Amino acid sequence: MEIRVLRYFLEVAREENITRAAAYLHISQPTLSKQLKDLEQELGKKLFVRSNYSIKLTDEGMLLRKRAEDILEMVDKITREFKALGRVTGGDVYIGCAESHLVKHLARVIKDFKGRYPGLRYHIQSGNTEQVTERLDRGLLDAAVIVEPPNLSHYNYIAVPGVDTWGLLMRKDHPLARKEAVTADDLVGLDLICSEQSMKADIPRWCGQKADSLNYVGSTNLFYNGSVFVKEGLGCMLTFAHLADTGADSELCFRPLRPVLENKMYVIWKKYQVFAPIAELFVRELSEKIGESANS
């Protein structure tokens, strides 16, 4: 299976049309059609359902699309890394990141580092711990910032200074907005939104068996989307402080949980990982600078 053919396959999958894909790829339509048929024969599976006007992926085609995207992302990353060898003036660094006000520490390191390596290009990919560690393990990320203790057998880590404090985000006209803090009993009967990761780990850690009485109507792994749902009256969201605009002009307010529930953040990277030169320099500096901040 050739990388070139995988690129052809992905372009056809995106366009859902052989003629348009061939024009974009600057090859003839018969050549492209033959490459796709050869790929199907090689895999022994039908990848497309063809009609007069378009083509759609089969279930096997959907699986190959996901795998091909991962493979080509890795190939492109390797290509960029080798082009940067011997001339560490810049390059690409890939970081998975939880949503937290503590990422300000990451931003400060990037700003300082970019002052000395102006060719640095940073790529921040948001997600929960499971999502970012999966990409880290597959070599698609250089480092990750997560909000739960790391697996010390797999990762090197450094703790980020500060903590994230949990609370309830709600509309200002909600009855609980009159309280200074929110308890587990207050949450019973409410329509709640929370990340799936925190439903399973953080909230039960806070309220124990009462977690079984909570009514989760939805989940989200991106704070902003959840906050829009809260604003539209779909429920209240369990989330970190300092993420929402709760100023005088906002429709939203935030109340901390009682007893207090907090999370630490950690920067992690794979043990024995071989980095591109720019990524190695950056991760080293990230570790040193955040370590200095934590000690001070």
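Student: Does glutamate 40 count as buried or exposed, and at what relative accessibility?

Tutor: At 12% relative accessibility, glutamate 40 counts as buried. Buried means under 20% relative accessible area, exposed means over 50%, and partly exposed is in between (1.4 Å probe, protein chains only). This is a predicted model: local features need pLDDT of at least 70 and side-chain atom pairs count only at pLDDT 80 or more, while totals for chains, interfaces and linings use all residues. Residues are numbered from 1 along each chain as its sequence is written, and side-chain values use heavy atoms, with hydrogens and water left out.

Student: With which residue does glutamate 40 form a salt bridge?

Tutor: Side chains of opposite charge can pair when their charged atoms come close. The criterion for a salt bridge is a side-chain nitrogen of Lys or Arg within 4 Å of a carboxyl oxygen of Asp or Glu. Here glutamate 40 pairs with arginine 50, the closest N and O atoms being 3.5 Å apart. The pair links distant parts of the chain, 10 residues apart: glutamate 40 is in helix H3 (residues 29-43) and arginine 50 in strand E1 (residues 48-50). Helices (H or I, at least four residues) and strands (E, at least two) are DSSP runs, numbered from the N terminus. Arginine 50 is partly exposed, with a relative accessible area of 37%.

Student: How many salt bridges does a search of the whole structure find?

Tutor: The search finds 22. One of them joins aspartate 173 and arginine 171 at 3.2 Å, N to O. Aspartate 173 is exposed at 57%, and arginine 171 is partly exposed at 27%.

Student: Where do lysine 289 and glutamate 285 lie?

Tutor: Both are in helix H11 (residues 277-295), four residues apart, about one turn of the helix. Lysine 289 is partly exposed at 29% relative accessibility, whereas glutamate 285 is buried at 10%. Salt bridges with shared partners join Asp112, Arg116, Glu285 and Lys289 into one network.

Student: Which residues of helix H6 are buried?

Tutor: In H6 (residues 129-137) they are Thr129, Val132, Thr133 and Leu136. Seen down the helix axis, these buried residues fall within an arc of 95°, so they line one face of H6. The arc is that of the directions from the helix axis to the C-beta atoms. Their cover includes strand E4 (119-126), strand E6 (155-171) and helix H8 (196-200). For covers of this kind, contact means heavy atoms within 4.5 Å.

Student: Which residue caps the N-terminal end of H6?

Tutor: A polar contact is a pair of N or O atoms within 3.5 Å; within protein, one must be able to donate a hydrogen and the other to accept it, and residues adjacent in sequence count only if both atoms are side-chain atoms. In H6 the cap is asparagine 128, with a side-chain oxygen 3.2 Å from the backbone nitrogen of glutamate 130. The side chain of glutamine 197 reaches the backbone nitrogen of threonine 129 at 2.9 Å. Glutamine 197 is in helix H8 and is buried, with a relative accessible area of 15%. Just after H6, glycine 139 takes a positive phi of about 85°.

Student: Which residues of helix H2 are buried?

Tutor: In H2 (residues 18-25), Ile18, Ala21 and Ala22 are buried. They cover an arc of only 100° around the axis, which puts them on the same side of H2. The face turned away from that side carries the exposed residues Ala23 and Tyr24. Asparagine 17 caps the N-terminal end of H2, with a side-chain oxygen 3.0 Å from the backbone nitrogen of threonine 19.
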